[in-house]
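Please keep the structure open on your screens while I talk.

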Amino acid sequence: MHLKIFSIDDFLHDFWQKRPLLIRNPWDNWHNPLDPDELAGLACEEGIESRLITGPAGKLTVESGPLPEARFRELGTSPWTLLVQAVDHHVPDVAALVEPFRFIPGWRIDDVMVSYATDGGGVGPHYDQYDVFLIQGLGRRRWRVGPRCDASTPLLPHDDLRLIADFKAAEEWILEPGDMLYVPPGFAHDGVAIGDDCMTYSIGFRAPSRADLVEGWSAHQADGMTEEDRYADPDLILQSNRGEISNAALDRMHAMVMEALSDRDAFARWFGLHNSLPKYADADWRPEEPIAPDEVQALLAQGATLSRNPASRYAFIRQGPSILLFVDGHCFDCGEDTASLAERLCSVSTVAPNPKLAQAAGAVALIKTLIDQGSLAFDEED
């Protein structure tokens with residue numbers, strides 16, 4: 001499926017991280033990519049994050065998966081909602097939903113959460129810290145969107161849900177299959193199913209917090225420092241008051257810290273590694289035995305197609321003449337013989353490499369390593 005009626009330039013200029021946008025069925029040929037029973041089956045599996053939310057508005061309860069199959073037969077006619085994370089890791093047709101949104105940098109893409117709700121089901125009014133496209137897959141849902149919220153917004157007491165205490169809607173729409181609602185970070189929103197068999201696909205986008213960046217980067221740098229790297233003051237002079245921490249001492253310690261954190265090239269490498277760490281280790285593509293280099297060469301020479309593991313995270317950074325490729329928390333320095341391949345692996349989910357790569361030792365070694373770590377595979381039919 002492709003977005004047929006959608007201007008990327010207008011969207012980025014007028015709406016991205018600015019204000020919500022309703023888009024009525026922009027697809028060339030919308031069809032719901034997942035059956036509700038398949039979603040319920042995923043919620044019963046170990047290693048897949050899921051939640052079941054039951055009860056009327058104001059008295060919602062949350063159960064975490066995996067859920068026993070019998071639980072669904074016990075739900076009766078009261079409203080309930082099933083939420084399953086990272087469904088794109090397991091269902092190719094759901095993973096394909098991400099492709100039209102790759103005008104957003106790939107490192108920002110999180111995963112596709114899928115919800116199923118009966119009449120009146122929902123998760124209550126809340127706000128998120130990330131951008132999200134809410135695509136109506138099946139049935140109908142009423143969405144209400146309110147003002148932008150922040151840490152000072154009053155919340156209801158709840159152990160599992162961050163529900164807004166005094167939600168006031170500014171806009172309201174009913175979404176039909178194929179309709180899409182974009183909600184920027186911080187905007188209050190509340191979706192309630194109208195009728196049964198309501199399915200919604202939520203494509204979320206990550207945004208690291210300043211606190212996470214500072215904590216992660218400083219901890220990484222601190223791990224590489226020695227005990228001997230300490231404050232020193234060989235030019236110490238007598239102070240008028242021994243209780244004072246002098247400006248000279250503060251300047252020297254501040255400089256120590258800032259110097260340790262100011263290496264941009266090192267930060268780039270750390271962030272690429274940190275950002276590419278998989279969120280869920282739930283789609284293990286590692287082969288039972290490492291693939292042999294000559295097998296990689298033979299398949300490349302035959303024109304075999306390579307597919308990325310949908311659970312894997314790929315990104316690259318240009319650093320001088322080379323490219324740093326980051327895949328699932330690993331970094332690969334790519335020179336001329338592998339740079340083009342690395343860029344293509346980051347931009348599309350399926351790659352048909354040039355058969356000439358079979359003669360490029362660096363490309364063969366990179367592909368072998370990615371296959372062995374479960375991030376890449378030759379298509380089974382090849």
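This is a predicted model: local features need pLDDT of at least 70, side-chain atom pairs count only at pLDDT 80 or more; totals for chains, interfaces and linings use all residues.

Let me begin with Asp328, which you will find in the loop that joins strand 12, residues 322-327, to strand 13, residues 330-334. The phi angle of Asp328 is near 50°, a positive value in a residue that is not a glycine. Is Asp328 buried or exposed? With a relative accessible area of 13%, Asp328 is buried, since the cut-off for that label is under 20%.

Ala86 sits in the loop between strand 4, residues 80-84, and helix 4, residues 92-95, and its relative accessibility is 0%, which puts it among the buried residues.

While we are on backbone geometry, there is a peptide bond that deserves a look, the one from Gly65 to Pro66, which is cis with an omega near 5°. Pro66 belongs to the loop that runs between strand 3, at 61-64, and helix 3, at 69-73.

Let me step back to the overall picture. The protein has 382 residues, of which 44% count as buried, and its secondary structure consists of 10 helices and 15 strands. The C-alpha trace spans about 75 × 70 × 45 Å along the principal axes. If we take the contacts with a separation of 6 or more, 80% of them are accounted for by residues 24 or more positions apart.

Now to helix packing, and a reminder of the terms: two packed helices are described by the angle between their axes and the distance between the axes. The pair I would start with is helix 5, residues 210-223, and helix 7, residues 264-275, whose axes come within 11 Å and cross at roughly 110°. That angle makes helix 5 roughly perpendicular to helix 7, and the crossing of helix 5 and helix 7 is right-handed. On the helix 5 side the contact is made by Leu213, Gly216, Trp217 and His220, and on the helix 7 side by Ala266, Phe267, Trp270 and Phe271.

The other pair is helix 8 and helix 10, which pack at an angle of about 110° with their axes 9 Å apart, and which are therefore roughly perpendicular to each other. Here Pro293, Val296, Gln297 and Leu300 in helix 8 meet Val364, Ile367 and Lys368 in helix 10.

Let me stay with helix 8 for a moment. Just after helix 8 comes Gly303, with a positive phi of about 80°.

Next, the cysteines. How many disulfides does a search of the whole structure find? The search finds 0 disulfides. For Cys331, the closest cysteine sulfur is that of Cys334, and the 8.1 Å between the two sulfurs is too far for a bond. Cys331 is partly exposed, at a relative accessible area of 23%, whereas Cys149 is buried, at 12%.

I will finish with two loop positions on the exposed side. Ala151 lies in the loop between strand 6, residues 131-148, and strand 7, residues 171-175, and counts as exposed at 81% relative accessibility. From Ala151 to Ile5 there are 146 residues in sequence and 36 Å in space, taken C-alpha to C-alpha.

How values were computed
Residues are numbered from 1 along each chain as its sequence is written. Side-chain values use heavy atoms; hydrogens and water are left out. Helices (H or I, at least four residues) and strands (E, at least two) are DSSP runs, numbered from the N terminus. A disulfide is a pair of cysteine sulfur atoms within 2.5 Å. Buried means under 20% relative accessible area, exposed over 50%, partly exposed in between (1.4 Å probe, protein chains only). Axes are lines fitted to C-alpha atoms, for helices over the stretch in contact, and angles run from 0 to 180 degrees between N-to-C directions. Angles under 35 degrees count as roughly parallel, over 145 as roughly antiparallel, 65 to 115 as roughly perpendicular and the rest as oblique. A crossing is left-handed if the near helix is turned anticlockwise from the far one by less than a right angle, and right-handed if clockwise. Contact means heavy atoms within 4.5 Å.
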